Amino acid sequence: MNEVYKDVAPGKRIKVLINPFGGQGKAKTIYERQVKPVFEAAKCVMDVQFTERHGHAIDIAKEINIEKFDSIVTVSGDGVIHEVINGFLQRPDAREAIRKLPLGVIPGGTGNALSISLLGEKAGFDPQYTALQVIKGKPMTFDLCSVTYADHRYFSFLSQNYGITAYADLGTEHMRWMGDARTIVGLLQQIFGKRTYSMEASFDVIESDKSKIAADYHTAYNRSEEPKVIDENAPTGEVIDSIPPLSEPVPETWTTVNGDISVFLTSKVPWLARGMLSHPYCMPNDGLLDLMLIKKGASVGKQLDVFTKLETGKHISNDIVSIEFAQYDIMTCINLFVGQIDYYKVKAFRLTPISKPSEKKNYVAIDGEHSPVKPFQVEVHPCLGAVLSL
Ligand code: ADP
Ligand code: MG
């Protein structure tokens with residue numbers, strides 16, 4: 001047998017969900033040409049289903065017989081993964097179903113943040129490599145977040161996004177043909193249009209010192225711990241929030257920020273898109289969200305100042321976060337043109353978006369999908385999800 005497959009147990013039963021609409025509509029071809037041969041070589045048994053509409057994957061995950069499969073694999077963008085997670089969490093046996101059927105992730109959409117965050121920008125975009133991850137990977141836990149509006153609650157695994165980055169995600173649907181470059185184009189439109197957004201946000205800050213956050217991250221990284229595997233004795237039953245309900249005030253210890261911002265972007269993963277290492281210190285199981293907050297745009301004076309320093313590299317040494325950002329074009333661009341980046345580790349937050357009468361559109365993106373532009377709150381639930389990881 002080929003060396004690659006030698007330690008793979010044959011007969012792995014895989015439920016494959018393909019979104020024929022995702023990305024540039026290439027998911028089916030990606031599966032058939034690059035993924036299926038790898039699964040077949042590893043003697044997997046596949047049950048392939050195409051998603052037929054928005055929300056279809058929620059129903060599939062809600063109804064799937066968890067005894068029949070060993071993993072559920074999405075060939076899509078992050079949207080279908082979001083739906084699978086939410087389908088599982090609507091089941092009476094939610095936590096059991098999540099553990100029994102860890103996710104396998106094949107990039108087939110525009111936004112493939114989970115895939116890139118698991119394997120890096122190159123391998124995370126490579127269907128064959130991600131197929132290998134499905135057959136050879138071990139189930140690793142990752143944190144999920146509950147998202148609560150006045151009239152509904154669901155779960156998020158990636159990001160909660162308000163401001164110019166939400167526009168970049170959602171306001172650029174008409175540029176789908178561009179692939180993932182549409183996000184970058186949207187962001188540049190907003191940056192050069194000097195667009196700002198209004199809000200009130202409160203968050204439960206665990207750490208706000210960027211140097212400390214960076215140091216803690218590197219310590220954890222250098223320990224190179226084994227990924228957290230599923231704990232069979234982990235709690236079962238409903239996932240209950242510990243923060244006050246939306247109708248009550250937030251605890252006094254929370255930090256509140258009012259007014260105009262460019263970006264309010266919380267994430268559970270470091271990479272939100274290719275070329276966008278927006279949250280370099282994210283960890284899958286730290287029970288925290290990384291918040292990137294950029295208040296109102298920098299003055300022209302500050303921008304010129306940054307440009308002067310750019311030649312000497314001094315802009316980097318002034319800001320520990322931009323050391324990691326500097327190599328990535330889009331983050332450097334935000335840093336230069338938009339302004340000072342605040343970076344926090346938070347356990348929960350509440351956000352009230354405020355639409356400006358002068359501006360036509362406003363967006364909230366949760367996991368890259370449209371969400372109501374209304375008050376909502378988010379709490380992290382540690383180690384709730386499970387994904388196959390190398
Ligand atoms: P992308 O990363 O390109 O946005 P996703 O996998 O995230 O791709 O999917 C985008 C959206 O497509 C999701 O909201 C999903 O519900 C929806 N969807 C799934 N199947 C179909 C279909 N057959 N037709 C239209 N939309 C679909
Ligand atoms: Mg998407």
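## The whole chain

Start with everything shown: of the 390 residues in the protein chain, 45% count as buried (20 or more other C-beta atoms within 10 Å of a residue's own, with C-beta atoms placed from the backbone). This is a predicted model, where local features need pLDDT of at least 70 and side-chain atom pairs count only at pLDDT 80 or more, while totals for chains, interfaces and linings use all residues. Residues are numbered from 1 along each chain as its sequence is written, with chains lettered from A and ligands numbered from 1 in the order in which they are written.

Switch to cartoon and you get 13 helices and 16 strands; helices are DSSP runs of H or I with at least four residues, strands are E runs of at least two, numbered from the N terminus.

## Next, ligand 1

Select ligand 1 and what surrounds it: 21 residues, with G22, S76, G77, G79 and G109 the closest (near means a C-beta atom, placed from the backbone, within 6 Å). Helix α3 (residues 78-89) gives the most to this shell, four residues.

## Now helix α6

Select residues 127-136. Seven of the ten residues of α6 are buried, so the helix is largely enclosed by the rest of the structure. They are P127, T130, A131, L132, Q133, V134 and I135. Show α1 (27-41), β3 (71-76), β4 (103-107), α5 (113-119) and β16 (376-389) too: the buried residues of α6 pack against them.

## Last stop, two domains

Color domain 1 (3-136) and domain 2 (156-382); these bounds come from an automatic or database domain assignment. Here 19 residues of domain 1 are in contact with 18 of domain 2 (C-beta atoms, placed from the backbone, within 7 Å). On the domain 1 side, α3 gives the most, with six residues.

Key: Buried ≥ 20, exposed ≤ 12 C-beta atoms within 10 Å, placed from the backbone. Contact = placed C-beta atoms within 7 Å.
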